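Hi,

Here is the structure I promised to pass on.

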Amino acid sequence: MNRGSAGSIGSAASASEYRVCSNCRKVLRQEKRIRVSQPLTRGPSAFIPEKEVMQANGLNERTNLLVEEYSTSGRLDNITQVMSLHTQYLESFLRSQFYMLRMDGPLPLPYRHYIAIMAAARHQCSYIVNMHVDEFLKTGGIAEWLNGLEYIPQRLKNLNEINKLLAHQPWLITKEHIQKLVKTGENNWSLPELVHAVVLLAHYHALIADSLSELEALMERMKRLQEEKEEEEASQEEMATRFEKEKKESLLVVTGAFDDEMVSTSDVSRYIEDPGFGYKDFARRGEEHLPTFRAQDYTWENHGFSLVNRLYSDIGHLLDEKFRMVYNLTYNTMATHEDVDTTMLRRALFNYVHCMFGIRYDDYDYGEVNQLLERSLKVYIKTVTCYPERTTKRMYDSYWRQFKHSEKVHLNLLLMEARMQAELLYALRAITRHLT
């Protein structure tokens with residue numbers, strides 16, 4: 001299969017049905033033809049009671065309208081049903097995902113879905129793999145490619161290394177990886193094509209399939225930390241020390257105790273190379289020089305956003321809206337408590353994920369992470385972020401016992417977007433270094 005023929009499969013005709021509003025950046029359909037299927041008969045989440053999700057869907061017609069507007073499959077899938085507990089975020093999520101998969105872009109439609117398959121397979125997510133197998137075929141993909149990586153064009157095979165690194169150890173990505181992909185030759189990638197592929201990989205890597213005294217103690221710690229911040233701010237030197245301490249302590253958060261509940265999904269292994277490659281703590285004991293990524297040196301706002309928008313028009317605006325939406329989303333509640341400012345907790349969650357990926361914010365006091373995130377929550381965060389295929393209901397049930405399921409879904413959305421942004425920062429920094 002040569003490159004030219006791959007690019008001609010059904011991309012322009014389908015994409016021409018849509019446009020982006022120049023004012024609000026909203027993806028608009030020229031003609032609405034998607035039929036929303038009936039809700040699934042089985043619950044959309046293995047962790048959340050079906051009744052709770054279905055009640056939210058039944059009461060919220062906005063969800064159905066969003067699916068009608070932005071669905072690529074024509075049905076209300078499990079992920080969308082769970083996200084519908086937070087409709088504001090869901091709209092932003094669906095808009096950006098729809099843009100990646102259906103709007104005008106550097107990659108042909110079948111490539112987009114096959115890249116989604118490769119990304120989801122890295123974490124053994126057969127549900128997402130199967131969704132995109134269907135979409136791959138519907139958009140004109142060659143069925144033979146679904147037999148495994150040995151049947152796909154060399155150009156797609158060349159993505160295996162960056163797919164593997166982005167999914168598990170993004171700090172290892174260098175400008176040499178970028179140069180290898182864009183070098184002159186029959187199977188090279190243009191920079192716009194590569195950025196489109198990287199956005200898809202990061203998106204689908206991050207897409208997570210799914211006590212009263214404990215709550216009171218957390219709220220008390222939040223209150224105390226806020227009072228301490230108002231009284232005296234830690235020095236830059238002290239905050240740097242706390243980051244290194246938190247980074248090293250993340251090594252001690254072990255998820256192996258839950259391995260007995262892992263379910264093998266080897267049916268997706270044909271879409272990946274080196275299946276044994278996985279996340280390794282970058283702050284390994286005994287290493288003198290820890291590869292810390294200083295966020296101030298390469299930020300999403302000042303660097304990543306403009307680069308990705310330049311090479312893949314408009315996606316930067318949609319991703320930025322999604323990141324901001326999930327970070328600022330709040331109902332000012334914690335379990336049964338109202339009028340609670342959760343800013344400190346949301347920032348701790350976001351920054352803890354980045355900490356595990358070696359990203360440090362000079363202006364953040366990492367001492368807050370240890371005080372706000374108890375051990376069972378840290379185990380859950382590390383598992384969901386670094387080994388999502390190992391996540392179990394027991395882990396989900398073990399933290400924040402008094403919180404609502406919708407609040408736990410919000411936490412998962414925060415983790416998902418924090419991880420996606422971390423992957424993008426490493427990949428986009430490498431592309432920037434390649435260009436300079």
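Predicted model: local features only at pLDDT ≥ 70, side-chain atom pairs only at ≥ 80, totals over all residues.

Residues are numbered from 1 along each chain as its sequence is written, and side-chain values use heavy atoms, with hydrogens and water left out.

Next, the surface. Of the 436 residues in the chain, 56% are buried (under 20% relative accessible area; exposed is over 50%, partly exposed in between, with a 1.4 Å probe and protein chains only). The chain exposes about 18,800 Å², and carbon and sulfur atoms supply 47% of that. The areas come from the Shrake-Rupley method with a 1.4 Å probe, and for residues only the protein chains shown count as cover.

How many disulfides are there? A search of the whole structure finds zero, taking a disulfide as a pair of cysteine sulfur atoms within 2.5 Å. Cys 355 is buried, at 0% relative accessible area, and Cys 125 counts as buried because its relative accessibility is 12%.

Now the rings. There are 23 aromatic pairs, meaning rings of Phe, Tyr and Trp (its six-membered ring) with centres within 6.5 Å; planes under 30 degrees apart are stacked, over 60 edge-to-face, and the rest tilted. One of them joins Phe 136 and Trp 145, a tilted pair at 5.6 Å centre to centre and 35° between the planes.

Last, the second largest pocket, with a volume of about 400 Å³. Its 17 lining residues include Glu 301, Tyr 327, Phe 350, Tyr 361 and Gln 421, the closest to its centre. A pocket here is an open set of points on a 1 Å grid over the protein atoms alone, where a 1.4 Å probe fits, with protein on both sides within 12 Å along at least five of seven lines; lining residues have an atom within 4 Å of a point. Points are joined across faces, edges and corners, and the volume is the space filled by probe spheres set on them. α16 gives the most to this lining, with five residues.

Cheers

Notes:
Helix = DSSP H or I, 4+ residues; strand = E, 2+ residues; numbered from the N terminus.
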